[in-house]
Amino acid sequence: MLNAILAQSKGATFWMPEQASTVAAEVDWMFYAILYICYFFFFLILVMMLGFVLKYRHRSGAVDHPAPAGHSLALEMLWTIPPTIIVLFIAWRGIRGFMDMAVIPPNAYEIQVTGQMWNWSFTYPNGTTVSELHIPKDVPVRLVMNSTDVIHSLFVPEFRSKKDVVPGRFSKMWFQATEARGEYDAAQKKWVNGFPIYCTEYCGTSHSEMLSQVIVHPTREMFDDWLADASVWTDKMTPQARGAQLYGMYCTSCHSVDGSSNTGPTWKDLFGADRAFTDGSQSKADEDYIRESIYYPQKKIVAGYPAGQMNSFLGQINETDVGAIIWYMKSLSDKFDQSNLPTKPPALEEGVVDEGAPKP
Ligand SMILES: [Cu+2]
């Protein structure tokens, strides 16, 4: 009965979104318990206050200054002991729920999370990095999270899970999804309808735009299939399409591809252009220069831009993917002969046999 009132309903309510993890029901229980305790005292105090206002209102002939009230042991016990029991109960139940969330099961599946201005990336044990979190249902998942720049905070409301992601240290969080969610939209070529992911560190310009989603696969097998598929792009897209995908994951917040200005220079017509740097030197934007700009961005600072804005992507974007980004920049530049762009995914180019790639 009590449990039914205190939100063991899994669906969304006025206060809370649907429950989709093993700890969600306990969090809601505590939330509603405190909420109803507050309702109770709010109305109790309000009714008594109104009652006293009426009962002791000013009437003609009444004594102006009644004798000060003395000491009432019963009353003092009443306002001391029940509230103490209530707060101790809240603390006990809260600590119990906190421990469930804090103690990570040793068999949890581990995913690395990186927060950076202004997106999330998720790296799997095989090294695959994606911009949306995919997990299997009914499997405990541990997130080991860090930030390359400022403090971020990862929040999945349906899981009731939130944790700060702090530069210079790893924070950890775990959850176990109880509901499968999300499907692949073949027309749009992307996953849709997952549980939303937010950054709740609202202290800078675009944390609120660090939106992503959790796709919960119904079984471990389906998750493993997804991961195997996500790990290989060479049989699915051209290198310039892969470059565009990486751009969407890491670079959109600072670089435009249509010539408009942003934190960093636009990539439109960048490849092959002459670059001038703050130290007075110059160079052509060729493959080497772009690779260096991605791995060692502080070596040459483009004139007109402040240094220290762009972080190195060394260890985050591998050489193959840097190659794909360079192809993408070539596809955006009028200084590159567009008829030289690859037309097929590398694994499907004639004469290239990739034994390891799963068959389409
Ligand atoms: Cu953020």
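Me: At what angle do helix 6 and helix 7 pack, and how far apart are their axes?

Reply: Two packed helices are described by the angle between their axes and the distance between those axes. Here helix 6 (residues 287-295) and helix 7 (residues 319-331) pack at about 120°, and their axes are 10 Å apart. That makes helix 6 oblique to helix 7; angles under 35 degrees count as roughly parallel, over 145 as roughly antiparallel, 65 to 115 as roughly perpendicular and the rest as oblique. Axes are lines fitted to C-alpha atoms, for helices over the stretch in contact, with angles from 0 to 180 degrees between N-to-C directions. Helices (H or I, at least four residues) and strands (E, at least two) are DSSP runs numbered from the N terminus.

One caution before we go on: this is a predicted model, in which local features need pLDDT of at least 70 and side-chain atom pairs count only at pLDDT 80 or more, while totals for chains, interfaces and linings use all residues. Residues are numbered from 1 along each chain as its sequence is written.

Me: What is the handedness of the crossing of helix 6 and helix 7, and which residues meet there?

Reply: The crossing is right-handed; handedness is left if the near helix is turned anticlockwise from the far one by less than a right angle, and right if clockwise. From helix 6, E287, I290, R291 and I294 meet V322, I325, I326 and M329 in helix 7 (contact: C-beta atoms, placed from the backbone, within 7 Å). By class, this contact of helix 6 with helix 7 has six nonpolar, no polar and two charged residues. For the classes, Ala, Val, Leu, Ile, Met, Phe, Trp, Tyr, Cys and Pro are nonpolar, Asp, Glu, Lys and Arg are charged, and the others, Gly among them, are polar.

Me: How do helix 5 and helix 7 pack?

Reply: Helix 5 (residues 239-251) packs on helix 7 at about 100°, with the axes 7 Å apart. The two are therefore roughly perpendicular to each other. P239, Q240, R242, G243, A244, L246 and Y247 of helix 5 make the contact with D321, G323, A324, I325, W327, Y328 and S331 of helix 7. Eight of the residues in this contact of helix 5 with helix 7 are nonpolar, four polar and two charged.

Me: At what angle do the axes of helix 2 and helix 3 cross?

Reply: Helix 2 (residues 24-55) and helix 3 cross at roughly 160°, and their axes come within 10 Å. That makes helix 2 roughly antiparallel to helix 3. The crossing of helix 2 and helix 3 is left-handed. E26, V27, M30, I34 and I37 of helix 2 touch I86, I90, R93, G94, G97 and D100 of helix 3. The residues of this contact of helix 2 with helix 3 divide into six nonpolar, two polar and three charged.

Me: Is I86 buried, partly exposed or exposed?

Reply: I86, in helix 3 (residues 73-102), counts as partly exposed because it has 15 C-beta neighbours inside 10 Å. The cut-offs are 20 or more other C-beta atoms within 10 Å for buried, 12 or fewer for exposed, and partly exposed in between, with C-beta atoms placed from the backbone. I86 and I37 are 49 residues apart in sequence and 8.8 Å apart in space, C-alpha to C-alpha. As another pair to look at, G280 and W15 are 265 residues apart in sequence and 59 Å apart in space, C-alpha to C-alpha.

Me: Now the backbone: where is the cis peptide bond, and which phi values are positive?

Reply: Most residues other than glycine have a negative phi, and most peptide bonds are trans. The bond from M117 to W118 is cis, with omega near -5°. W118 lies in the loop between strand 1 (109-116) and strand 2 (119-123). N193 has a positive phi near 65°, and sits in the loop between strand 10 (190-192) and strand 11 (195-199). D269 also has a positive phi, of about 60°, in the loop between helix 5 and strand 13 (274-276). N193 counts as exposed, with 10 C-beta neighbours inside 10 Å, whereas D269 has 15 and counts as partly exposed.

Me: Finally, how many helices and strands are there in the chain?

Reply: The chain has seven helices and 14 strands. Its radius of gyration is 29 Å, well over the 21 Å that the globule rule gives for 360 residues, so the chain is more spread out than a compact globule (radius taken over C-alpha atoms; rule: 2.2 Å times the number of residues to the power 0.38). Along the principal axes, the C-alpha atoms fill a box of roughly 100 × 50 × 35 Å. Of the 360 residues, 21% count as buried.

Technical notes. Contact = placed C-beta atoms within 7 Å.
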